[in-house]
Amino acid sequence: MEKFTTLKSRAIPLAIENIDTDQIIPARFLKATDKQGFGDNAFRDWRFDKHGKLNAEFPLNDQKYTGSILVAGDNFGCGSSREHAAWALVGYGFKVIVSSFFADIFKGNALNNGLLPVQVSETYLETLLSTIKANLETELIVDLENQTIGIKDSDQQESFEIDAYKKTCMINGYDDIDYLLSKKEAIEAFELSRTN
């Protein structure tokens, strides 16, 4: 995984509540067992109509919006537990998803794949969405070390929570195995102390 410390980026607003994993990556695309190509089909049924024609009104297709942060409505990632939803969002190019609530399994899958779910208050989410829509050049700053998200050139900022272990993994670019390997010397020293 890539290391994540601070991200400054424009954001794409998707002010829809209860976005479930089947909307993020429809079930018909789940046959693959590796992560390749899932980004092409992220939000497939919203980005394209049933004839395969691009839906120009959908925010991800609107060229005025760009960035590696998705600011979504409440209750993001509900529904089935498919890890493919996180694969699709990462494959599309997102590094951060902002919402006022995340489904627990989605949150875990996102963190395991280097995608940071930033949970903010409903009030702050509304502030972010309205600010982005009013000024398309708005940049957000996500500081993982200090666990804050803010609007660049403003004092509008909010803290967010993250599991300490997952924070360590993201800052260092570790998956679970990398983390264990980083503790190899301490583990070996502990084992030696137990045998003596």
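Predicted model: local features only at pLDDT ≥ 70, side-chain atom pairs only at ≥ 80, totals over all residues.
Residues are numbered from 1 along each chain as its sequence is written, and side-chain values use heavy atoms, with hydrogens and water left out.

Let's start with the sheet. Seven strands make up an open sheet with mixed pairing, in the order β4-β3-β2-β1-β5-β6-β7. Strands (E, at least two residues) and helices (H or I, at least four) are DSSP runs, numbered from the N terminus, and two strands pair if DSSP finds at least two bridges between them. β4 (116–119) and β7 sit at the edges with a single partner strand each, so one side of each has no neighbour in the sheet. On average, neighbouring strands are turned by 25° against each other, direction ignored. The angles here run from 0 to 180 degrees between N-to-C directions, and the axes are lines fitted to C-alpha atoms, for helices over the stretch in contact.

Now head for the β7 end. Strand β5 (residues 139–143) and β6 run antiparallel and are joined by four bridges, with Leu 140 opposite Ile 151 in β6. The two strands form a hairpin with four residues between them, and Gln 147 in the turn has a positive phi of about 55°.

Buried means under 20% relative accessible area, against over 50% for exposed and in between for partly exposed (1.4 Å probe, protein chains only).

Over at the β4 end, strand β3 (residues 96–99) pairs with β4 in the parallel sense over four bridges. Ile 97 belongs to β3, and its bridge partner in β4 is Pro 117. At 1% relative accessibility, Ile 97 counts as buried. Not counting residues up to four places away in sequence, Ile 97 touches Leu 70, Phe 76, Leu 89, Phe 102, Leu 115, Leu 116, Pro 117 and Val 118; contact means heavy atoms within 4.5 Å. Ile 97 and Ala 72 are 25 residues apart in sequence and 7.2 Å apart in space, C-alpha to C-alpha.

Leu 89 leads us on to helix α3. Among the buried residues of α3 are His 84, Trp 87 and Leu 89, and the cover over its buried residues includes α1 (21–24), β2 (69–72), β3 and α4. Helix α3 (residues 84–92) packs against helix α4 (residues 104–112) at an angle of about 50°, with their axes 8 Å apart. That makes α3 oblique to α4, a label for whatever is not under 35 degrees (roughly parallel), over 145 (roughly antiparallel) or 65 to 115 (roughly perpendicular). From α3, Ala 85, Ala 86 and Leu 89 meet Phe 106, Asn 109 and Ala 110 in α4. Just after α3, Gly 93 takes a positive phi of about 120°.
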